[in-house]
Amino acid sequence: MSMFEDIPVDVGVIYEGERIRRNNMQVELGGPKQPAKFELVRAKKMDEVEDEKVTVIGPDLKDLPEGGNVPFGIYIEVAGKDIEEDLEGVTERRIHEYLNFIEGIMHLNQRYDIWIRVSKKSFQKGLNSFTYLGKVLARLYKSELPFIEKIQITFITDPAKVKEMYDQAAEIYEARDAKARGMKDEEVDTFYGCTLCQSFAPTHMCVITPQRYSNCGSISWFDGRASAQVDPKGPVFAINKGDLLDAEKGEFSGINETIKQKTLGSVDRVWMYTGFGYPHTSCGCFEAMAFYIPEVEGYGIVDRGFNGVTVNGLPFSTLADSGAGGRQVDGFHGIAIEYMRSPKFLQADGGWDRVVWMPQSVKDRVKEFMPKEAIANVATENDVKTVDELTTFLKEKSHPVVQRWKEATVEAAPATEGEEALDGIAFPVSTATVAAGGFKIIFINAKIHAEKVIIKRDKPKR
Ligand code: ZN
């Protein structure tokens, strides 16, 4: 690409899925080991931006320790006559895509979760200054998003400056998120779709409503609206919500039609407010995963920033893989933290009455939006370590899920001795083997829906 002649490495879509392993990395910027890191875009007036200016605050790439991990911030200021604050969120989301176009750069996540690696190979080819990254970003932004007339970019590695700007960024993210709070999905005719994640998850489309944030937690309904207005043919577009088919589950004819078209028929039905049946698909960049814990009939929630193992013994990464990739997997549901502040949060499953565990840090973030009882009823890593301990905790608290256990026992009662009956259940099966008449049937990653399941204990033949 002649547009990038002066850049020492290649730039193009083909590098987007590139993974850089620890052994091959020159340096790691941000990531789980750094408490403060951010990327932020702000809309400015024309005279406040010096076009294509790139600034580095702190040590540049070539001066960072080889194999090291450093605090990091990207601050982008844009100006243009059509630019308004509501365009900041979607503009910011593009950093992910554009940085990944650079050979030897891996960018993950967004906002306060960013995690970037620079490969040794590209560093040796001469990619040894953030100035190159800035040049690529500036040119891609101006060619891809014509509403951007001027852009200036600052990279920050100075730890004190990263921390200072991180605190400011956190306030700006909060103000953006707060904007749609109080609005209802019922009050608007238009939702927004986002296919920015299709390069990683081809059958994924986020549906963004006032009460359900994009999975990545960085595009609100307002952001979607602003983006669809200036760039209607782009990856963020309007969805006419159509007919309401199910208010409780959140099914709309317009969503079904649009997702069918945008995923080439792979997904043709979505229920917005549940993790079961036809749940909203999960891409790969969701902020948190709601995972069903069948033993207690409730949801655990774990966010990307949680470094330990959850109550079922699995870390975020394993649980995330169980639901990611644009699939609809019962009981593994990628979500944004902001969605947890929504009254529609897992509404069809019982909402907060169904949540049993989450990290203390997430609880602290969403506490003021949780019902009072739920604050006491939902366990964290400080309360319980195992599902057994969780079971005891929930009983002690008389958590609403405990009522479900009783109902299940009553329903099972009429079954004859040696049989157990479960009514109206749907459960995910990773691998199951059924022996019947000398045959063995193996289900792999199957989804089983049944009105009634009867499990008979084999009596040994005499
Ligand atoms: Zn995504």
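**Core and sheets of a predicted model**

Buried residues make up 44% of the 462 residues in the chain. A residue counts as buried if 20 or more other C-beta atoms lie within 10 Å of its own, as exposed if 12 or fewer do, and as partly exposed in between, with C-beta atoms placed from the backbone. The model is predicted: local features need pLDDT of at least 70, side-chain atom pairs count only at pLDDT 80 or more, and totals for chains, interfaces and linings use all residues. Residues are numbered from 1 along each chain as its sequence is written.

The chain has 11 helices and 19 strands. These are DSSP runs, numbered from the N terminus (helices: H or I, at least four residues; strands: E, at least two). Among contacts between residues at least 6 apart in sequence, 71% join residues at least 24 apart. A contact here means two C-beta atoms, placed from the backbone, within 7 Å.

The largest nonpolar core has 120 residues. Such a core is a set of buried Ala, Val, Leu, Ile, Met, Phe, Trp, Tyr and Cys residues joined through C-beta atoms within 7 Å. Helix H3 (residues 130–144) gives the largest share of this core, eight residues. The core also draws at least three residues from each of domain 1 (2–179) and domain 2 (185–402). These bounds come from an automatic or database domain assignment. Val136, Val207 and Ile208 are among the residues with the most contacts inside the core. Leaving aside neighbours within four places in sequence, Ile208 touches residues including Phe191, Tyr213, Ile219 and Trp221.

Strand E5 (residues 72–79) is largely enclosed by the rest of the structure, because seven of its eight residues are buried. Strand E2 (residues 37–43) pairs with E5 in the parallel sense over seven bridges. Strand E8 (residues 150–156) pairs with E5 in the antiparallel sense, also over seven bridges. Two strands pair if DSSP finds at least two bridges between them. Isoleucine 74 in E5 is the bridge partner of glutamate 39. Isoleucine 74 also has a bridge partner in E8, phenylalanine 155.

Another four strands form an open sheet of mixed pairing, in the order E16-E14-E15-E17. Strands E16 (332–335) and E17 (355–357) stand at the edges, each with a single partner strand, so one side of each lacks a neighbour in the sheet. Strands E14 (residues 288–293) and E15 (residues 298–303) run antiparallel and are joined by six bridges. Phenylalanine 291 stands opposite glycine 300 in E15.
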